[in-house]
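Thanks for coming. I have one structure to go through today, so please have the sequence and the model open.

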Amino acid sequence: MKPEVNMHNNKRRRRLALITALLLGAGQIGMVAMATDSQALLIRDAMVFDGTGRAAYPASVLVQDGRIAAIDEKLAAPRGARVINARGQALLPGLLDLHTHWTPNAVPSELPQVANRYMAAGITTVTDYHQPPEAYAPRRQWLASIVAPEVKFAARMSTPLGHGADWGDENTTRWVNSPESARAGVRAVAAYRPDFIKAFTDGWRYSNAADNSSMDEETLTALVDEAHRHGLKVFTHTVMVKRGKSAARAGVDMIAHSLLDGPVDAELIELMRTHGTAYAPSLAVYLPERVDGSGRTSVKPEVLHQRERNFANALANVKALHAAGVPVVVGTDAGMTGTPHGSSALRELELLVEAGLTPADALLAGTAHGAKVLGVEDRGTIEVGKRADLLLVHGQPWQRIGDIRNTRQVYVAGRQVHGNGAALPAGNSALALPARPVPALVDDFERGDGRTALDTLRIDEADGGNDRTVQVTGVVARESGGHALSTQAKLSTKDSAFAAAILPLSRGSVAPVDARAHRGVRFDLRGATPDLRLEVRALGNRRFHAPLEAQAQWQTVEVPFTALQGQPPYRAKAPLAEWKGDDLQQLVFSAGGEPGSKVWFEIDNVTFY
């Protein structure tokens with residue numbers, strides 16, 4: 001779209017109103033209502049890189065009601081408008097990162113702090129591949145209460161024991177291994193209204209394990225077809241060239257990892273072009289030294305050498321695919337080890353240039369191309385009618401990509417969210433949502449829908465990996481009447497094998513609860529397992545547990561909070577957790593034993609007392 005020459009043109013105003021109305025009707029405006037600053041904004045005399053493929057040009061940009069209202073070299077500021085003198089600065093569309101994990105194991109892990117990191121880096125739209133479907137609604141509510149980039153949530157699907165399914169239950173990552181199960185799985189997750197689906201299709205663990213859990217092409221094809229029927233795009237975790245060909249033939253919308261095991265060939269290139277499969281190489285996570293510099297000193301030499309070989313393939317393949325016309329977009333895998341939120345996207349842009357893209361091409365990968373692939377084409381370019389996600393940058397990043405690190409101001413839907421003049425609400429400094437008092441009754445297992453008395457979804461947990469404990473948990477009838485929760489498991493051959501039943505204390509375990517009005521946890525228990533414990537999990541990966549003794553006959557057990565022993569944070573070296581009581585998230589009943597043995601336990605009437 002050409003820049004407008006007259007901001008008072010009535011025809012243009014009517015067209016802008018029509019565009020806005022259509023976008024509202026299509027549900028594409030997302031969080032604009034939350035983030036929009038109603039005050040008009042005039043960014044004057046910037047050098048505009050608009051993301052359309054046009055060379056940068058001098059212009060002023062008027063923003064009204066969160067959208068770009070006019071673009072011209074000479075624009076008058078409406079009455080009451082805020083005016084930014086941008087002479088000598090570059091104005092770009094907000095960046096998109098199409099592959100991140102907002103995991104509790106990263107630093108920072110708190111939702112507002114992660115959001116702040118992305119806004120500071122100029123990321124105005126971001127995807128989150130980590131959350132279970134139960135967490136979508138509470139996390140969306142949390143995001144709506146603060147200033148944040150727009151976050152799109154992925155529903156996760158994999159094969160049994162496949163990558164992504166090797167640590168969570170089916171309420172976290174849906175397990176599919178046939179066309180029929182794939183269609184049923186898509187229908188199940190679609191009920192939660194995800195923004196897209198991530199399918200883990202490749203069992204090859206970056207040459208660190210055998211390819212023994214990949215998704216077959218028929219299953220993936222059915223998954224993609226059913227997802228598209230529901231209006232959901234499919235992005236895949238695919239890292240082998242042959243699996244990339246299967247993904248393209250299946251019609252996936254984007255491969256969200258680099259193909260690492262060798263060079264791409266003409267067959268793959270043609271398949272990706274024919275089926276419209278885009279490519280997010282996630283170079284940042286494969287950088288041998290890691291974005292945070294931790295990679296070269298913390299691994300064995302042979303592992304480092306393998307990473308270097310993989311990364312060389314990754315660079316060569318993104319260059320070849322881009323040269324062949326395959327859409328390349330920014331996706332970092334941020335949140336994974338050594339790949340920090342926000343700054344990794346800036347490093348990704350630099351790595352795309354290192355791979356052979358021009359700085360302008362890299363910027364398009366992080367703006368217009370990413371918006372198109374994600375299906376949010378109301379942003380990604382600076383055009384009249386588009387959402388005003390904007391960056392003011394010192395320098396000319398379309399010539400020197402490193403200048404993208406000189407971001408001065410960031411706007412999400414017209415509201416300034418970073419830089420001098422930005423005013424964020426108190427919620428952007430919070431480490432958690434406010435805790436609500438928790439009722440006494442957690443679960444008596446009388447509901448028939450798999451949910452607790454707190455209306456939370458019960459979930460399973462077991463040791464991860466390809467050799468994994470097999471667990472079955474379900475509600476059974478008690479001889480005395482009523483129902484109980486039964487967990488039976490065959491432990492894996494690992495010394496750390498376990499099987500657990502988790503009772504979340506809030507939906508998706510997102511908001512904490514306050515149990516300080518109570519003294520402990522009471523429940524009925526029976527079972528046969530030599531190593532049984534009650535674990536209470538709290539914010540910040542803080543964990544507390546107490547040993548339990550299960551007998552063949554039912555008994556009522558009381559565990560006072562004072563009996564719970566603090567544990568080190570998960571996968572971290574830190575002091576033992578100290579009990580607070582107002583930051584609880586889950587009650588966990590966990591059973592262990594001899595590797596390969598069978599264990600079982602049953603619980604009922606779980607309450608705080």
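This is a predicted model: local features need pLDDT of at least 70, side-chain atom pairs count only at pLDDT 80 or more; totals for chains, interfaces and linings use all residues.

Residues are numbered from 1 along each chain as its sequence is written, and side-chain values use heavy atoms, with hydrogens and water left out.

Start with helix α3, residues 111-120. Helices here are DSSP runs of H or I, at least four residues, and strands are runs of E, at least two, numbered from the N terminus. The buried residues of α3 are L111, P112, V114, A115, Y118 and M119; buried means under 20% relative accessible area, with a 1.4 Å probe and protein chains only. Down the axis of α3 these fall within an arc of 160 degrees, so they line one face of the helix; the arc is taken over directions from the helix axis to the C-beta atoms. They pack against β6, β7, α4, β15 and β16, with contact meaning heavy atoms within 4.5 Å.

On either side of α3 there is something to note in the backbone. In the loop between β6 and α3 sits P108, joined to V107 by a cis peptide bond with omega of about -5 degrees. Just after α3, G122 has a positive phi of about 85 degrees.

Next, α6 (217-229) and α7 (241-250): their axes come within 8 Å and cross at roughly 35 degrees. Axes are lines fitted to C-alpha atoms over the stretch in contact, and angles run from 0 to 180 degrees between N-to-C directions. E217, L220, T221 and V224 of α6 meet S246, A247, R249 and A250 of α7.

Now the cores, meaning sets of buried Ala, Val, Leu, Ile, Met, Phe, Trp, Tyr and Cys residues joined through side-chain atoms within 4.5 Å. Which residues touch the most other members of the largest one? Of its 91 residues, they are L92, I197, L223, L352 and I404. Helix α11 gives the largest share, 6 residues. Another core, of 39 residues, lies apart and includes L505 and F589.

Last, two residues other than glycine with positive phi. R290, near 65 degrees, is in the loop between α9 and α10 and is buried at 14% relative accessible area. N541, near 60 degrees, lies between β25 and β26 and is also buried, at 17%.

Key
Buried means under 20% relative accessible area, exposed over 50%, partly exposed in between (1.4 Å probe, protein chains only).
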